Amino acid sequence: LPLFERQGRNTTLTRFGEQFLKTAEAALEELDSGVEELKREARGEGLIRLGFLRTLGTEFVPKLARGYLNRNPGKDIRFTFATGNGLTGDLLKGLEERKYDLVFASKPPDNAGFEAFAVESQDIVLITPRAHPLANRHSVNLADTLEYPIVAFALNSGMRNVIDDMYARIGAQPRIAYQTAEDQVVAGLVAQGFGIGIVPYMDLLLRLDVKIIQIASPAWERNFYMISSPRTFTSPAVRDFKKYVLETCAVQVGQSAKN
């Protein structure tokens, strides 16, 4: 089809040329937009996609994001925030599938090939119903819990690995009565007498009808990790945010847990 036609001494567009011109202009505009986006990314601007456990979404992750934005005024930096199903395993899968740039979750398996840095800690406590035989104790050894049914975390929960390791250190296994993925659900079931539970300390426990008891032995502290994949290219903005997190977190481990 002809795009041009002669009109006297002038050359003009045919109706096909006018139609194609609109398409070409739109394509060039889109291309210019893509080039400009790449330039912003190279300047340390652009999108940072975060995945994290729900327990970190109330204060920890939002505070980090706000602090980073305050540190970089005038830069076009945007975040996306996602918890997925709220499980470390699902978040790691999303990281591997490039849905996230960084994940904040429990420590990944040693053979998973991720890079992980401890950035936050959380105490682990025993909770019981108010009328439970252990409820009058201020602290317990983990061995004291063996005769009682426990509301456990699901197998694909990062917290389940922590608790299994704690019992393995005393050469025992708990009497699992129920399993669930969410720490809030564990606490709710304990409050209603479905068993005892071992959970990260959270303010929610103060509002439930449970007794909070310190675990004297074995000593344990739950760490949360900033996790990235060394197999995936990260933008300058993500790399700079990662550096910011390591500089500002209250709990910082100077060695990588890279495997």
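## Pockets and surface contacts

α2 (60-71), β6 (115-129), α5 (183-191) and α6 (236-248) each contribute at least two residues to the lining of the largest pocket, where helices (H or I, at least four residues) and strands (E, at least two) are DSSP runs numbered from the N terminus. The model is a predicted one, in which local features need pLDDT of at least 70 and side-chain atom pairs count only at pLDDT 80 or more, whereas totals for chains, interfaces and linings use all residues. Residues are numbered from 1 along each chain as its sequence is written, and side-chain values use heavy atoms, with hydrogens and water left out.

A pocket is here an open set of points on a 1 Å grid over the protein atoms alone, where a 1.4 Å probe fits, with protein on both sides within 12 Å along at least five of seven lines, and its lining residues have an atom within 4 Å of a point. The volume is the space filled by probe spheres set on the points, which are joined across faces, edges and corners.

The largest pocket holds about 710 Å³ of space, and of its 25 lining residues Thr55, Thr58, Glu59, Phe60 and Glu120 lie nearest the centre. β6 gives the most to this lining, with five residues, and the lining of the largest pocket comprises eleven nonpolar, six polar and eight charged residues.

The second largest pocket, with a volume of about 280 Å³, is lined by 14 residues, of which Lys107, Val162, Asp165, Trp220 and Tyr225 lie nearest its centre. Two or more residues of that lining come from each of α4 (158-169) and β12 (221-228).

Eleven salt bridges are found in the whole structure, a salt bridge being a side-chain nitrogen of Lys or Arg within 4 Å of a carboxyl oxygen of Asp or Glu. Three of them are listed here.

| Salt bridge | N to O distance |
|---|---|
| Arginine 78 – aspartate 76 | 3.5 Å |
| Glutamate 97 – lysine 99 | 3.4 Å |
| Aspartate 209 – arginine 130 | 3.4 Å |

Aspartate 209 lies in the loop between β10 (197-200) and β11 (210-217), and arginine 130 in the loop between β6 and β7 (139-141), so the pair ties together parts that are 79 residues apart in sequence. With buried meaning under 20% relative accessible area, exposed over 50% and partly exposed in between (1.4 Å probe, protein chains only), aspartate 209 is partly exposed at 48%, glutamate 97 is partly exposed at 43%, and lysine 99 is exposed at 51%.

Key: Ala, Val, Leu, Ile, Met, Phe, Trp, Tyr, Cys and Pro count as nonpolar, Asp, Glu, Lys and Arg as charged, and the others, Gly among them, as polar.
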